Amino acid sequence: RALANSVAPEDLDRFLRLLAEDSVEPCEVRVRRPDGTVLPVEVRTRAATLTSQALRVIAVRDLTERKHAELLIRVRLQLMEFAVGHATEELLQKAVDEAGALTGSPVGFYHFVEQDEKALSLQAWSTRTKAEFCQAEGAGLHYPIDQAGVWTDCVRERGPVIHNDYAALPHRKGLPEGHAPLIRELVVPVFRDHRIVAILGLGNKPRDYTEQDVEWATFVADLAWEIAERKRTEDELQRTHLGLENIGIGVLEAGPDARIRSANAAACRLLGYTAEELGRLTVLDVNPTITPDRWAEQRSNARAGETRSFETWHLRKDGSTFPSEVTVAYHEVHGRLHSLAFVRDITERKRAEQALRESMARLQTVVTGSPIVLFSFDRHGVFTLSEGKGLAGLGLKPGEIVGRTVFEVYGDQPE
């Protein structure tokens with residue numbers, strides 16, 4: 001009876017049916033504890049006999065942790081789905097809304113922190129903040145942290161801060177005109193590589209903020225930064241792809257396993273494949289100079305943010321090859337190193353270089369076999385060429401004075 005009295009009214013019928021039907025299936029209900037908090041539990045029951053007396057055994061399991069995990073998974077999926085087709089500012093507003101719903105906070109904001117951690121910029125208010133509470137300046141506003149209010153204590157203290165009695169804080173600086181009145185607040189920082197990159201603030205929960213609220217807010221704040229950064233990287237890559245498309249540079253992105261993750265239209269034209277076909281291949285399939293061992297060696301020495309340039313050969317779908325100039329930029333995706341290769345067909349350049357070499361060889365044959373002298377020098381008077389059969393008459397050998405100045409060679413000659 002005591003357990004039945006603690007079951008939430010909306011779950012009571014289901015709980016009583018469980019007792020009456022003697023079901024082997026568990027039943028999930030919510031129970032209210034003496035302190036007023038609500039606990040999700042799983043109830044199992046079965047009939048038993050003890051010393052000829054019929055009893056009912058009831059087993060109750062706390063589902064709080066499982067429900068929390070399920071809720072966080074749902075929030076993650078919702079934000080990831082929302083990010084597709086929405087701008088970064090809209091994504092961050094959605095994230096603040098989710099954090100507000102988890103903690104019961106009608107007021108919320110998300111700020112980016114500058115690299116020197118001395119200034120920040122407002123990225124988003126929660127939907128309720130904008131609609132019901134705050135008419136202060138909006139997204140994009142920049143201001144120094146040392147001039148901000150007590151909510152930036154999380155930057156100075158490098159950790160979450162809770163102010164459950166905002167009005168009693170001795171170091172508060174007041175609120176800007178049009179800002180929502182504050183009763184209590186929770187602010188958490190987002191760290192990347194030991195640097196604070198963003199902060200999420202929540203305010204005016206009806207009851208005091210707790211460590212559970214810190215956990216919720218920290219999860220959402222970190223997730224929002226992760227998705228926003230990924231979205232920003234994808235947007236930058238897309239802009240880069242479009243720009244390179246106009247000048248005919250192929251772009252291939254490959255994962256750690258060398259499998260091609262994406263290819264722009266220029267890369268498809270260069271290699272003769274469709275984007276779908278390239279998605280089934282690896283870098284080794286289109287670059288015959290790369291072996292599995294060489295790929296592994298290149299990856300072992302690569303670091304995120306590093307770029308490398310080199311000349312190589314690529315293999316087309318029809319079996320033909322072409323010389324290429326490749327610049328590879330390495331970046332991390334979910335902690336794993338990916339590579340972005342920018343491929344340029346240098347066939348025409350190679351033909352021009354070969355033609356120049358052949359022309360120079362013919363000229364060399366003519367010059368060395370003719371009774372003439374051919375000199376050239378740069379703007380500093382340094383000889384860059386000294387050829388011709390006539391050099392013997394001057395007591396010189398071909399190339400002997402290259403690298404010396406006119407004044408060194410002929411300084412003792414009269415003008």
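Mentor: Let's settle one term before we start: a contact here means heavy atoms within 4.5 Å. Keep in mind too that this is a predicted model. Mean pLDDT for the protein chain is 82, with 88% of the residues at 70 or more. Among the elements, helix α1 (residues 2-6) has the lowest mean, 69, while helix α10 (residues 283-286) has the highest, 94.

Now the loop. Asn 164 sits between β7 and β8. Setting aside neighbours within four places in sequence, Asn 164 is in contact with Ile 183, Arg 184, Asp 208 and Tyr 209. Thr 210 is 46 residues away from Asn 164 along the chain, yet their C-alpha atoms are separated by 9.4 Å.

Move along to Leu 169, which is in the loop between β7 (161-163) and β8 (185-192). Leu 169 has a relative accessible area of 16%, and because buried means under 20%, Leu 169 is buried. Once you leave out neighbours within four places in sequence, Leu 169 is in contact with Val 150 and His 163. Take Val 150: it is 19 residues from Leu 169 in sequence, and the two are 8.4 Å apart, C-alpha to C-alpha.

The largest nonpolar core has 31 residues, and Tyr 110 and Leu 200 touch the most other members. The elements giving two or more residues to this core are α3 (64-83), α4 (88-103), β4 (107-113), β8, β9 (195-203) and α7 (211-246). Of these, α7 gives the most, with 10 residues. Not counting residues up to four places away in sequence, Leu 200 touches a list of residues that includes Val 96, Phe 109, Tyr 110, Leu 186, Val 188 and Ala 221. There's a second, separate core as well, made of 24 residues, with Ala 258, Ala 267, Leu 281 and Ala 302 among them.

Stepping back to the whole protein chain, you have 13 helices and 16 strands. Of its 415 residues, 39% count as buried. For contacts with a separation of 6 or more, 45% are between residues 24 or more positions apart.

Methods
Residues numbered from 1 in each chain as written. Predicted model: local features only at pLDDT ≥ 70, side-chain atom pairs only at ≥ 80, totals over all residues. Heavy atoms only, no water. Helix = DSSP H or I, 4+ residues; strand = E, 2+ residues; numbered from the N terminus. Buried < 20%, exposed > 50% of the residue type's maximum accessible area, 1.4 Å probe, protein only. Core = buried A, V, L, I, M, F, W, Y, C linked by side-chain atoms within 4.5 Å. pLDDT = per-residue confidence, 0-100.
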